Amino acid sequence: GDMDVREFLLSMMNFVEVNKEDRIRVSFEMYDELKTGYVAQAEVEDILKGNHMLSVASVRRKAETIMKQSNSNKKGSITMNEFVVVSKKFPNILLPSLGFVPTFKSTEVV
């Protein structure tokens, strides 16, 4: 399928050392394009697509769980604080590869 630049950048964060708080903040801010302080379920789904290699149905179910667990006052969208709270409740739902940093052994050519 297609991948936009934001999804690509999120997926690349799986291969570099980025602390959890920065990763959550960057993910949210990339999808809050209008800087309203909210992201809708569609944007949460896009964030999940960038962090997971899952089917559309799995991404939608995870996004629905996030939206339900956020207890948002604004129907259909969540704030940065709610996004952070949900990521702490369910650390693997948003950031499945956090802590995975590939290590490569140096090989000496003689």
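Let's start at Thr79, which sits in strand β2, residues 77–79. Keep in mind that this is a predicted model.

**Around Thr79**
- Setting aside neighbours within four places in sequence, Thr79 is in contact with Phe28, Gly37 and Tyr38.

**Val39 and its partners**
- Val39 also touches Phe28, and its other partners include Ser77 and Ile78.

**The nonpolar core**
- The largest nonpolar core holds 15 residues.
- Val39 is among those with the most contacts inside this core, along with Tyr31, Val44, Leu48, Ile66, Ile78 and Phe83.
- Four helices each supply at least two residues of this core: α2 (20–31), α3 (41–51), α4 (56–69) and α5 (80–89).
- As a general background point, nonpolar side chains in soluble globular proteins tend to be buried together.

**The whole chain**
- The protein chain has 6 helices and 2 strands, and they run α-α-β-α-α-β-α-α along the sequence.
- Of the 110 residues in the protein chain, 34% are buried.
- Take the contacts between residues at least 6 apart in sequence: 58% of them join residues at least 24 apart.
- The accessible surface of the protein chain is about 7,300 Å², and carbon and sulfur atoms account for 55% of that.

Technical notes:
Residues numbered from 1 in each chain as written. Predicted model: local features only at pLDDT ≥ 70, side-chain atom pairs only at ≥ 80, totals over all residues. Heavy atoms only, no water. Buried < 20%, exposed > 50% of the residue type's maximum accessible area, 1.4 Å probe, protein only. Contact = heavy atoms within 4.5 Å. Areas by Shrake-Rupley, 256 points an atom, 1.4 Å probe, with all protein chains shown as cover. Core = buried A, V, L, I, M, F, W, Y, C linked by side-chain atoms within 4.5 Å.
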